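Student: I have a new structure open and would like to learn how to read it. Could you take me through it step by step?

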Protein chains: 2
Amino acid sequence: MGVGELIGYPAAILTTAAFVPQAWKSWRTRDLSGISLPMYALFTLGVGLWLAYGIAIESWPVIAANGITLALAGLVLWLKWRHR
Amino acid sequence: MGVGELIGYPAAILTTAAFVPQAWKSWRTRDLSGISLPMYALFTLGVGLWLAYGIAIESWPVIAANGITLALAGLVLWLKWRHR
C-alpha cells in the first residue's frame, strides 16, 4: 500500500462516517433550523454523481463510500424538506 | 474526456459548492442549533486528509476541491464550536 492509499482510505472513511452523527441528530431531534436546504440539495446530487462515477470507473471504494453518504445525506435532505 | 471525467468533474464541483450556502447561512444567522459538532469535526479532519492525499498523488483537481471545502467546513466547525 502506497502513501496515497495510507491517506486516502482514512480520508474516505472520515468524510463518510461524518454524516452518521448529523443524520442521527437530525432524525432524533427534528431540529433542522441551522441546516441549509440548498447545501443538502447540491450535496446529495453531487454524491449521486460520485456514485455514478464509481460505477463508471468500477471502483468499489468510491461506490461504497458514496452509496453510504448518499443514504445519510438524502435522509437529512428529506428531513429538512419536511421541516422547512 | 472520458465518461469518468464527464461525471467526476460536475460531482466534484457540486460537493464542493454545496458548502457555500451552508457556510453563508451559518455565518449570517449564527443559527447552528441543528448542526452536528461531531459531523463537522470528523468531516473537516477527513477533508484535510483528502487535501494531503491530493498533494501526495499530485492531483490539482483534488487539491483545489478539498482546499475550498476545508475552508468552508472549517468555518462552520469554528462557528459551531463557538455557539455550542
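Tutor: Gladly; we will go from the single chain to the helix pairs, the core and the symmetry.

Student: What should I know about the model and its numbering?

Tutor: This is a predicted model, in which local features need pLDDT of at least 70 and side-chain atom pairs count only at pLDDT 80 or more, while totals for chains, interfaces and linings use all residues. Residues are numbered from 1 along each chain as its sequence is written, chains are lettered from A and ligands numbered from 1 in the order in which they are written, and side-chain values use heavy atoms, with hydrogens and water left out.

Student: How many helices and strands are there in chain A?

Tutor: Helices (H or I, at least four residues) and strands (E, at least two) are DSSP runs, numbered from the N terminus. Chain A has four helices and zero strands, in the order α-α-α-α from the N terminus on. Its C-alpha atoms fill a box of roughly 45 × 25 × 15 Å along the principal axes.

Student: How do I read the packing of two helices?

Tutor: Two packed helices are described by the angle between their axes and the distance between the axes. Axes here are lines fitted to C-alpha atoms, for helices over the stretch in contact, and angles run from 0 to 180 degrees between N-to-C directions. In chain B, the axes of α3(B) and α4(B) come within 9 Å and cross at roughly 155°. The two are therefore roughly antiparallel (angles over 145 degrees).

Student: Which helix of chain B does α3(A) cross at roughly 155°?

Tutor: That is α1(B), residues 3–17, and the two axes come within 8 Å. This pair is therefore roughly antiparallel too. Contact means heavy atoms within 4.5 Å; among the residues of α3(A) that meet α1(B) are A:F43, A:V47 and A:W50, and the α1(B) side includes B:I7, B:P10 and B:T15.

Student: Is A:V47 buried or exposed?

Tutor: Buried means under 20% relative accessible area, exposed over 50%, and partly exposed in between, with a 1.4 Å probe and protein chains only. A:V47, in helix α3 of chain A, has 2% relative accessibility and so counts as buried. Apart from neighbours within four places in sequence, A:V47 is in contact with A:N66, A:T69, A:L70 and B:T15. Of the 84 residues of chain A, 43% count as buried.

Student: Which residues of α2(A) are buried?

Tutor: In that helix, residues 19–29, they are A:F19, A:P21, A:Q22, A:A23 and A:S26. Their cover includes α1, α3 and α4 of chain A together with α3 of chain B. Just after α2(A), A:R30 takes a positive phi of about 55°.

Student: What is a nonpolar core?

Tutor: A nonpolar core is a set of buried Ala, Val, Leu, Ile, Met, Phe, Trp, Tyr and Cys residues joined through side-chain atoms within 4.5 Å. The largest one has 26 residues, and A:F19, A:Y40 and B:M39 are among those with the most contacts inside it. Helices α2, α3 and α4 of chains A and B each give two or more residues to this core. Leaving aside neighbours within four places, A:Y40 is in contact with residues including A:F19, A:L77 and B:M39.

Student: How are the two chains related?

Tutor: Two copies of a chain are related by a rotation about an axis and a shift along it. Copies are superposed by least squares on the C-alpha atoms of residues with pLDDT of at least 70 in both. Chain A can be laid on chain B with an RMSD of 0.0 Å by a turn of 180° and a shift of 0.0 Å along the axis. The copies are thus related as by a two-fold rotation axis. In chain A, A:G34 comes closest to the rotation axis, at 2.4 Å (C-alpha).

Note on methods: Angles under 35 degrees count as roughly parallel, over 145 as roughly antiparallel, 65 to 115 as roughly perpendicular and the rest as oblique.
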